[in-house]
Amino acid sequence: MRRPRFVDLSIFTLKYIFNWRFWIAEITKKSEVYKKIVDKLFFEDDEIIVVPNTININKKIESEGSEFLPTVIIKEVIKRSEDIVIMNSCLCRTSNNCKDYPQDLGCIFLGPTARKIPSHIGKIATVEEALAQVDKADEAGLSHIIGRNKIDTVWMNIRPGKGLLTICHCCPCCCLWKVYPNLDEDISGKLEKLEGVEVKVHEENCRLCKKCLDEVCMFNVIKLENDKITIDADKCKGCGLCVNACKFDAITIDYAEKTIDDVVNRMEDLIEIKEL
């Protein structure tokens, strides 16, 4: 019988406190000391970018004359990676016992620190397997978050954090970053919208079906005001989940074309191999 490891105790603890995450996050707004401790322990040096789900928005982007699709960024980063590990399951969805999205679509980890991930929670993967995982996540209606996320190195007890890049496949009901509105801005500001992405509401197409209000937005920025659907552009992270939920093209996503290398190089700069 295998003895429990640190990571097993971490998973047990995280699943136990998962539903307290909003309360835990809210305290960062009330206590400066607590905020600094939480930031130091779990978010120090984080840089995370939201990448839209592109299954249902590709045609809209292509119709604007752009051949560039946001998911290409993730795939290009994967293609340039030598160390790839795919988690056996999604910690957020298993902790929340998600019934609406696949629990077995786990995060993808890139970089030399990924070699240290315990084999019983994730498997070494090929580029092709990782690319297929991204496609499966898109097909399942998930959006993506890519970047350096210190909390992953903490719960897995692996170092250095600067040698690990995380690609999460996020659902609107379980994602850890649903705590975004509850966090102090010094921490939540580390989660960024992909540059060039803009989500728009077209009132002339809206039927007020209110599906976009049904816990679709991970960041709680969609409101019904004066019988109109509104999106807070300053807080929207461009995940694209509301676009997928709308069946009347009342919400669309536009992407101002930008070279792949500009964004991919930024991601590569987050991984420091020399520290290993």
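**A walk across the sheet**

You are looking at a predicted model, in which local features need pLDDT of at least 70, side-chain atom pairs count only at pLDDT 80 or more, and totals for chains, interfaces and linings use all residues. Residues are numbered from 1 along each chain as its sequence is written, and side-chain values use heavy atoms, leaving out hydrogens and water.

Now colour strand E1 (residues 47-51) and E7, which run parallel and are joined by three bridges. Strands here are DSSP runs (E, at least two residues; helices are H or I, at least four), numbered from the N terminus, and two strands pair if DSSP finds at least two bridges between them.

Zoom out to the open sheet of seven strands, ordered E4-E2-E3-E6-E5-E1-E7 with mixed pairing. Strand E4 (122-124) and strand E7 (191-193) are at the edges with a single partner strand each, so one side of each has no neighbour in the sheet.

Then show the strands paired with E6. E3 runs antiparallel to E6, with three bridges, and Phe-109 stands opposite Thr-166. E5 is also antiparallel to E6, with five bridges; here Ile-146 stands opposite Ile-167.
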